[in-house]
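Subject: Structure handover

Hello,

Here is the structure you asked about, with notes on what was found in it.

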Amino acid sequence: MNPFEVLPGVLRWSLYSPAHKVELTSHAVTAGDLTLIFDPIQPPASLNLPASARRRIVLTNANHERDAHECSRQLGAEIWGPPDVEFTLPAIHRWGDAIGDWSGWNPIPLPGGADGETAFHCPDRSLMVFGDAVVHLPGRALEILPEKYCRDRSRLAASLQRLPDFDHAVFAHGMPLLRNAADRIRSLP
């Protein structure tokens with residue numbers, strides 16, 4: 001579970017969850033003076049984040065509380081999640097509220113996925129961070145979240161078609177795409 005850099009300033013770590021029967025992946029992305037930790041599983045001791053950067057934990061949907069509370073305590077990070085989603089966490093900020101400075105990051109709601117499904121786009125880095133909307137699991141092709149986990153898969157597919165351009169994508173489940181990511185995702189059936 002050692003973190004590794006998939007792109008400059010983008011750290012990735014993962015573990016297989018027998019309970020969920022899937023690989024859980026987390027990313028820490030530093031842009032400017034802000035580090036966003038997406039859908040965190042317990043960070044490894046070797047996780048080296050910039051000491052001067054502000055830190056925020058980002059939950060991309062209702063299903064990704066994972067180890068957010070412990071990571072918040074350990075890393076000194078606020079927890080942020082989508083509006084109108086019920087979480088069990090005691091203190092959570094919503095990006096629909098006064099969101100403050102996100103250093104160029106844009107939350108993009110993806111209706112049709114899990115409750116609150118939101119991708120995060122950083123145009124300056126040509127990077128999109130996905131929760132469950134798109135998965136890229138080992139031994140399987142890149143795919144839209146299977147229908148049994150979606151609120152409305154055809155609506156989710158339409159949401160993905162409207163995404164802005166980006167070259168790189170990372171996922172809460174699976175391996176990153178490091179080039180032509182938007183085109184590959186828009187071509188999914």
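In what follows, two residues touch, or are in contact, when heavy atoms of theirs lie within 4.5 Å. Please keep in mind that this is a predicted model.

The sheet

Seven strands make up an open sheet of mixed pairing, in the order β1-β2-β3-β4-β5-β6-β7. Its edge strands are β1 (4–7) and β7 (93–94), each of which pairs on one side only.

β1 joins β2 through three bridges, and the two run antiparallel. Phenylalanine 4 has arginine 12 in β2 as its bridge partner. Arginine 12 also stands opposite histidine 27 in β3. Between β2 (residues 10–17) and β3 there are eight bridges, again in the antiparallel sense. These two strands form a hairpin with four residues between them, and lysine 21 in the turn has a positive phi of about 60 degrees.

Strand β3 (residues 22–31) is mostly covered, with ten of its ten residues buried. On to β4 (residues 34–38), β3 makes five bridges, and these strands run antiparallel. The hairpin of β3 and β4 has two residues between the strands, and in it glycine 32 takes a positive phi near 65 degrees.

Helix α1 (residues 68–75) lies across β4, β5 (54–58) and β6 (78–81), and runs at about 175 degrees to β5.

Helix α2 and the cores

In helix α2 (residues 153–161), the buried residues are Leu156, Ala157, Ser159 and Leu160. Seen down the axis of α2, they fall within an arc of 155 degrees, so they line one face of the helix. Their cover includes β10 (127–130), β11 (134–135), β12 (143–144) and α3 (181–186).

The largest nonpolar core has 23 residues, and those with the most contacts inside it are Leu110, Phe130, Val134, Leu160, Phe166 and Ile185. At least two residues of this core come from each of β10, α2, β13 (168–171) and α3. Apart from it lies another core, of 21 residues, including Leu24, Ile37, Cys71 and Phe87.

Leucine 110, leaving aside neighbours within four places in sequence, is in contact with residues including Phe130, Leu156, Ser159 and Leu160.

Phenylalanine 130 is found in strand β10. Is phenylalanine 130 buried or exposed? Its relative accessible area is 1%, and buried means under 20%, so phenylalanine 130 counts as buried. With neighbours within four places in sequence set aside, its contacts include Asp39, Leu110, Leu160, Phe166 and Ile185. Phenylalanine 130 and aspartate 165 are 35 residues apart in sequence and 14 Å apart in space, C-alpha to C-alpha.

Histidine 136

Histidine 136 lies in the loop between β11 and β12. With a relative accessible area of 15%, histidine 136 is buried. Which residues does histidine 136 touch, not counting residues up to four places away in sequence? They are Ala141, Leu142, Phe171, His173, Gly174, Met175, Pro176 and Leu177. As for methionine 175, its backbone oxygen lies 2.8 Å from a polar atom of the side chain of histidine 136.

Regards

Key
Residues are numbered from 1 along each chain as its sequence is written. This is a predicted model: local features need pLDDT of at least 70, side-chain atom pairs count only at pLDDT 80 or more; totals for chains, interfaces and linings use all residues. Side-chain values use heavy atoms; hydrogens and water are left out. Buried means under 20% relative accessible area, exposed over 50%, partly exposed in between (1.4 Å probe, protein chains only). Two strands pair if DSSP finds at least two bridges between them. Axes are lines fitted to C-alpha atoms, for helices over the stretch in contact, and angles run from 0 to 180 degrees between N-to-C directions. The arc is that of the directions from the helix axis to the C-beta atoms. A polar contact is a pair of N or O atoms within 3.5 Å; within protein, one must be able to donate a hydrogen and the other to accept it, and residues adjacent in sequence count only if both atoms are side-chain atoms. A nonpolar core is a set of buried Ala, Val, Leu, Ile, Met, Phe, Trp, Tyr and Cys residues joined through side-chain atoms within 4.5 Å.
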